[in-house]
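Here is a short report for a reader new to this structure. Take a look at the model before reading on.

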Amino acid sequence: MRESGILLPIFSLPSKYGIGCFSREAYEFIDRMKEAGQSYWQILPLGPTGYGDSPYQSFSTFAGNPYFIDLQEFVKKEYLSKEDCKKMDFGSEREKIDYGKLYSARFKILKKAYKNSKIGKDKKFQKFIKKNAYWLDDYALFMGMKQSFGGKSWTQWTMDVKKRREAVLKKYKEELEQEVEFYQFLQFYFKKQWIKIKKYANSQGIKIIGDIPIYVAPDSSDIWANPELFQLDQNLTPTFVAGCPPDAFSKEGQLWGNPLYQWDYHKKTGYEWWMKRIAYSFQLYDVVRIDHFRGFDSYYSIPFGAKNAVNGKWEQGPGYEIFKTMKASLGEKAVIAEDLGFLTESVLKLVEGTGYPGMKVLQFAFDSREESDYLPHNYHKNCVVYTGTHDNDTTLGWYNSINSRDREFCREYLHFQQGNKEGINWELIRAAVASVADLAIIPMQDYLGLGTQARINTPSTLGDNWTWRMEKGAFTKELAEKIRKMNEIYKRIPKSHSTKGR
């Protein structure tokens with residue numbers, strides 16, 4: 001079936017709280033997507049973020065970001081007053097997130113809501129804690145202890161706490177009982193509100209595509225609670241970390257710094273932790289995009305402490321076995337394999353063996369020096385095409401930054417005339433939607449015709465990433481109708497979204 005969707009992170013939604021969240025605007029976005037004939041809403045990882053604000057570096061692979069909780073529910077329940085919310089400074093810019101102000105204001109008001117909730121007596125809350133104990137107990141204690149250690153990474157805690165000595169953990173659980181319950185409270189409302197949005201989207205014929213990073217953050221409850229799953233020494237210091245080798249774009253490669261998996265141990269357990277992680281992801285999403293899919297075939301291993309990625313080497317990953325286990329354990333699930341970049345024969349064989357669709361990105365297609373697999377005439381049906389991803393510039397920003405030869409090739413390929421009032425963004429959108437790919441996903445910024453100022457992330461940089469927000473009212477009925485018409489032309493509108501008979 002030919003379908004299409006929109007890529008927009010939750011944090012990029014408009015709202016009154018300084019960041020996109022599970023508020024009324026999320027439901028309005030879903031309504032507008034349906035008007036536009038869309039079948040998928042792709043988001044970024046939902047986890048709680050730390051230093052750098054990246055959703056790909058989360059304190060937990062299971063927990064949700066407290067920033068996304070809609071405060072209006074707490075106002076309705078009288079845990080907060082409208083005045084409480086108005087007094088908080090969440091940042092003044094409507095199209096940009098101020099994470100510094102957000103951190104200070106959000107946790108202050110969430111703590112007040114928690115104290116007024118008397119949540120401990122709530123039977124649904126107790127049921128939630130019990131059901132999610134396998135990850136929530138460790139996460140809530142981890143976050144409580146992080147606060148008691150002044151926000152420091154767990155790697156800087158005292159050794160008895162790092163090594164989870166039973167007597168020490170018992171002491172902290174008693175001392176931090178209220179703090180632990182606060183973090184459980186946040187996860188209870190995060191899950192409750194998100195599932196409500198997901199159900200609403202599904203009722204409107206829209207599926208959610210979620211995103212799980214292959215690696216976990218160095219400062220995470222996952223590593224602290226399960227050190228045996230990772231390549232660590234006796235002092236719980238990583239021995240090797242993740243990254244990418246040097247290439248034409250980076251002479252020193254990319255040093256990500258995430259601890260690598262102890263795959264032999266995972267295999268002995270029947271990939272138990274991974275099965276729990278993936279199963280939980282399918283509670284949150286209808287489709288899961290697995291980031292850096294090639295890491296399951298082979299991964300780049302860099303000695304811990306190295307200043308760059310030059311001296312790393314490739315190691316063998318679990319290969320098809322982990323997906324065979326997944327299919328046996330969880331059944332057939334909808335997965336997108338993020339297979340971008342240089343792919344070896346073994347990686348291509350792994351993707352083909354799983355049957356999962358890979359990704360095509362049009363911004364990677366127009367290199368005038370060589371033929372590209374990303375050019376639409378080279379596609380096969382079982383793939384997902386994007387104009388760009390969260391790691392790319394917007395289409396307008398990209399087009400204005402490429403060299404003149406590539407720009408000329410792009411114009412010739414798309415038969416784009418300079419001065420065309422539609423703009424190059426619409427020509428790239430048309431190429432994606434017209435292609436044979438089963439699914440076409442377009443970033444919202446490209447539909448809005450925005451430039452580099454609306455870029456989500458510039459890889460390997462810190463500072464101005466993950467901050468863009470859509471202006472309220474930007475996704476108009478007129479734009480939805482324009483999107484619908486293009487998708488109708490190229491047969492990407494499902495029958496459930498048909499306007500006939502309305």
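## A buried tyrosine

A residue counts as buried when its relative accessible area is under 20%, and as exposed when that area is over 50%; in between, the residue is partly exposed. The model shown here is predicted. Take Tyr 139, which lies in helix H6, residues 133-148. Its relative accessibility is 1%, so Tyr 139 counts as buried.

Which residues touch Tyr 139, once neighbours within four places in sequence are left aside? They are Pro 48, Phe 59, Ser 60, Ala 63, Tyr 183, Gln 187 and Ser 221. Asp 247 is another matter. Asp 247 and Tyr 139 are 108 residues apart along the chain, and their C-alpha atoms are separated by 37 Å.

## The chain as a whole

The chain has 19 helices and twelve strands. Its C-alpha atoms fill a box of roughly 70 × 55 × 40 Å, taken along the principal axes. A compact globule of 502 residues would have a radius of gyration near 23 Å. The chain has 23 Å, which agrees.

Buried residues make up 56% of the 502 residues. The accessible surface comes to about 23,100 Å², and 50% of it belongs to carbon and sulfur atoms. Now take the contacts between residues at least 6 apart in sequence. Of these, 74% join residues at least 24 apart.

Strands of a sheet pair through backbone hydrogen bonds, in a parallel or an antiparallel way.

Look at one pair in detail. Strand S4, residues 240-244, pairs with S5 in the antiparallel sense over three bridges. Val 241 stands opposite Pro 259 in S5.

## A parallel pair

In a regular strand, side chains alternate between the two faces of the sheet. Strand S10, residues 358-361, is covered on both faces. Gly 358 and Lys 360 are on one side, Met 359 and Val 361 are on the other, and all are buried.

Which strand does S10 join through four bridges? The partner is strand S11, residues 383-386, and the two run parallel. Val 361 stands opposite Tyr 386 in S11.

## A histidine in a loop

His 292 is found in the loop between strand S6 (287-290) and strand S7 (298-303). Is His 292 buried or exposed? Its relative accessibility is 11%, so His 292 counts as buried. Leaving aside neighbours within four places in sequence, His 292 is in contact with Ile 214, Tyr 215, Trp 256 and Glu 338.

## Salt bridges

Side chains of opposite charge can pair when their charged atoms come close. The structure holds 21 salt bridges. In one of them, the side chains of Glu 28 and Lys 472 meet at 3.9 Å, N to O. This pair links distant parts of the chain, 444 residues apart. Glu 28 is in helix H1 (residues 24-35), while Lys 472 is in the loop between helix H18 (444-448) and helix H19 (477-489). Glu 28 counts as partly exposed at 34% relative accessibility. Lys 472 also counts as partly exposed, at 49%.

Another salt bridge joins Lys 96 and Asp 464, at 3.0 Å, N to O. Lys 96 lies in the loop between helix H3 (82-87) and helix H4 (99-117), and Asp 464 in the loop between H18 and H19, so the pair ties together parts that are 368 residues apart in sequence. Lys 96 is partly exposed, with 31% relative accessibility. Elsewhere, salt bridges that share partners join Arg 24, Glu 25, Glu 28 and Lys 472 into one network.

What about a pair within one helix? The side chains of Glu 35 and Arg 32 meet in a salt bridge at 3.1 Å, N to O. These two are three residues apart in helix H1, so about one helical turn separates them. Glu 35 is partly exposed, with a relative accessible area of 26%.

Methods: Residues are numbered from 1 along each chain as its sequence is written. This is a predicted model: local features need pLDDT of at least 70, side-chain atom pairs count only at pLDDT 80 or more; totals for chains, interfaces and linings use all residues. Side-chain values use heavy atoms; hydrogens and water are left out. Two strands pair if DSSP finds at least two bridges between them. Buried means under 20% relative accessible area, exposed over 50%, partly exposed in between (1.4 Å probe, protein chains only). Contact means heavy atoms within 4.5 Å. A salt bridge is a side-chain nitrogen of Lys or Arg within 4 Å of a carboxyl oxygen of Asp or Glu. The radius of gyration is taken over C-alpha atoms; the globule rule is 2.2 Å times the number of residues to the power 0.38. Accessible areas come from the Shrake-Rupley method with a 1.4 Å probe; for residues, only the protein chains shown count as cover.
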